[in-house]
Amino acid sequence: MRKSIKVLGVALVSALALTACSDDAGDGETLVVGSQDYYSNEIVAEVYAQALEDAGFTVERDFRIGQREVYLPELEAGNIDVFPEYTGNLLQYYSPDTEATAADDVYAELASALPEGLRALDQSDASDQDSFVVTSDFASEHGLTGIGDLAVVDDVTLGGNSELETRPYGPQGLESVYGVTVAFTPIEDSGGPLTVKALRDGDVQVVNIYTADPVLADGDLVVLDDPEGLLLASHVVPLASDRVTDEAADVINAVSGAMSAEDLVELNSISVTEESPAATIAADWLAEQNL
């Protein structure tokens with residue numbers, strides 16, 4: 001009986017301490033963490049969410065919202081508080097004519113480009129940027145190493161999410177920067193299996209795939225060089241609302257500081273090959289990092 005009373009007392013003290021921590025950390029407010037409709041982005045969002053919860057914050061998840069044109073208005077309206085973003089693409093969304101291309105330059109310019117009420121926390125070493133990809137057979141056949149080499153190839157069709165057609169690095173950017181003319185076919189899976197199948201089947205000749213996608217390690221796909229910087233450096237960066245306190249920002253910044261480019265590729269690989277849910281992948285990574 002005495003042992004039970006002692007255990008109960010310890011449990012009660014721990015519970016009260018946790019409650020106090022939670023109240024101090026979150027001030028009773030719930031932070032909404034969102035994600036794109038893209039498995040890699042959802043994993044990073046889940047890492048943020050679990051790290052915040054472990055620190056005593058109350059978190060609500062709003063995952064798989066869609067693409068930037070859908071979720072950024074929600075962030076600007078204050079309906080979402082934390083969102084994993086990518087520096088280059090986010091800067092280009094707000095400043096289509098930016099001339100910044102290097103990672104640090106992009107991050108610095110992003111700070112002034114964001115609308116009132118939003119701020120970028122620390123960028124991570126992890127990057128997951130757009131790239132233009134062809135099959136190794138197609139590259140060998142036409143002697144392709146860089147994007148500009150496509151200019152002498154006839155009947156090239158680019159495949160990617162429908163948003164790519166109007167983005168600065170889409171068909172218009174390819175033509176203005178590299179003199180490459182392409183047709184466009186929408187494939188709505190963010191460079192996923194449908195996109196890769198269309199490329200390997202020859203339905204399209206070049207596709208947009210994110211650089212942290214483990215499919216690029218298979219050996220039959222080639223990422224074309226981009227010497228002119230059409231595709232901006234895009235490091236993972238947490239986008240935060242004004243409701244994110246300094247304490248919450250410190251938690252998220254610790255995640256950014258710990259996540260490497262190799263980590264992100266590995267997390268994506270686990271999702272693809274083992275089909276593990278984002279919550280499991282995030283929990284395992286946080287445990288490995290002692291976060």
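## Aromatic pairs, cores and a helix contact

Tyr38 and Tyr39 are both buried (under 20% relative accessible area with a 1.4 Å probe, protein chains only; over 50% is exposed, and partly exposed lies in between). The model is predicted: local features need pLDDT of at least 70, side-chain atom pairs count only at pLDDT 80 or more, and totals for chains, interfaces and linings use all residues. Residues are numbered from 1 along each chain as its sequence is written, and side-chain values use heavy atoms, leaving out hydrogens and water.

**Aromatic pairs**

- The whole structure holds four aromatic pairs (rings of Phe, Tyr and Trp, the last by its six-membered ring, with centres within 6.5 Å; planes under 30 degrees apart are stacked, over 60 edge-to-face, the rest tilted).
- Tyr38 and Tyr39 make an edge-to-face pair, at 5.2 Å centre to centre and 70 degrees between the planes.
- Tyr71 and Phe83 are stacked, because their ring centres are 4.0 Å apart and their planes are at 15 degrees.
- This pair ties together parts twelve residues apart in sequence, since Tyr71 lies in helix H3 (residues 68–76) and Phe83 in strand S3 (helices, H or I of at least four residues, and strands, E of at least two, are DSSP runs numbered from the N terminus).
- Tyr71 is buried at a relative accessible area of 0%, and Phe83 is buried at 0%.
- Tyr38, Tyr39 and Tyr210 are linked into a cluster by ring pairs.

**Nonpolar cores**

- The largest nonpolar core has 37 residues, with Val33, Tyr48, Leu52 and Met259 having the most contacts inside it (a core is a set of buried Ala, Val, Leu, Ile, Met, Phe, Trp, Tyr and Cys residues joined through side-chain atoms within 4.5 Å).
- H2 gives this core its largest share, nine residues.
- Another core, of 21 residues, lies apart from it and includes Phe138, Leu150, Tyr178 and Leu230.

**Residue Glu42**

- Glu42 lies in helix H2 (residues 39–54) and counts as buried at 16% relative accessibility.
- Beyond its neighbours within four places in sequence, Glu42 is in contact (heavy atoms within 4.5 Å) with Ser35, Phe63, Arg64 and Ala278.

**Helices H10 and H11**

- H10 (residues 261–274) and H11 (residues 278–289) pack at about 145 degrees with axes 10 Å apart (axes are lines fitted to C-alpha atoms, for helices over the stretch in contact; angles run from 0 to 180 degrees between N-to-C directions).
- Asp263, Leu267, Ile270 and Ser271 in H10 meet Ile281, Trp285 and Gln289 in H11.
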